[in-house]
Amino acid sequence: MNSNDPSHSPLRDVAQSPEATARYLADVQRVLLDIGKNLETLAHETRVHLRDTHVEGDRWYHARLRAMPVEKALGNVLKNLNNLTEGLEKSAYKRRAHDEAVVNTVKDRKEKEIERRRKKNPPTLQAAPNPPQGAQNQNSGYSGPTSIYDLGRESA
């Protein structure tokens with residue numbers, strides 16, 4: 001497809017490859033984590049400034065009470081940013097899992113078709129020619145060991 005085509009989207013190529021999708025989402029996540037560091041610093045500096053801003057007649061806790069809504073808003077932004085970065089990781093994983101599921105679906109369908117054919121047309125049992133002489137002595141009505149604990153025992 002021509003890159004000058006107006007209907008061409010650069011993200012279309014990224015979306016078609018799980019590796020390219022993972023790289024793109026990792027780049028976005030890196031940018032968001034850098035923004036998150038800056039927001040954490042901003043939240044800390046804002047908290048210090050707002051809690052240090054006293055008005056005449058304030059009790060010791062008034063500045064803190066005035067600062068709480070701003071601190072909570074910035075905290076929510078940071079929480080949402082962390083959820084967003086976790087979602088990016090999960091999306092990259094699910095994208096790769098989707099391609100693996102597509103590949104496995106083809107293989108599973110072939111196996112199921114073979115199984116269906118086998119059930120519809122079971123192999124006919126043919127009478128075996130006379131078994132060798134040693135096999136008759138081995139199959140004298142007793143079974144072999146039935147578990148690993150019976151390996152040392154002899155059949156009666």
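User: What makes up the protein chain in terms of helices and strands?
Analyst: The protein chain has 4 helices and 0 strands, where helices are DSSP runs of H or I with at least four residues and strands are E runs of at least two, numbered from the N terminus. This is a predicted model, with local features needing pLDDT of at least 70, side-chain atom pairs counting only at pLDDT 80 or more, and totals for chains, interfaces and linings using all residues. Residues are numbered from 1 along each chain as its sequence is written, and side-chain values use heavy atoms, leaving out hydrogens and water.

User: Why is threonine 46 called buried?
Analyst: Buried means under 20% relative accessible area, exposed over 50%, and partly exposed in between (1.4 Å probe, protein chains only). Threonine 46 comes in at 18%, so it counts as buried. You'll find threonine 46 in helix 2, residues 18–52.

User: And why is methionine 68 called partly exposed?
Analyst: Its relative accessibility is 38%, so methionine 68 lands in the partly exposed class. Methionine 68 sits in helix 3, residues 62–120.

User: Which residues does threonine 46 contact, leaving aside its neighbours within four places in sequence?
Analyst: Those would be Val70 and Leu74, with contact meaning heavy atoms within 4.5 Å.
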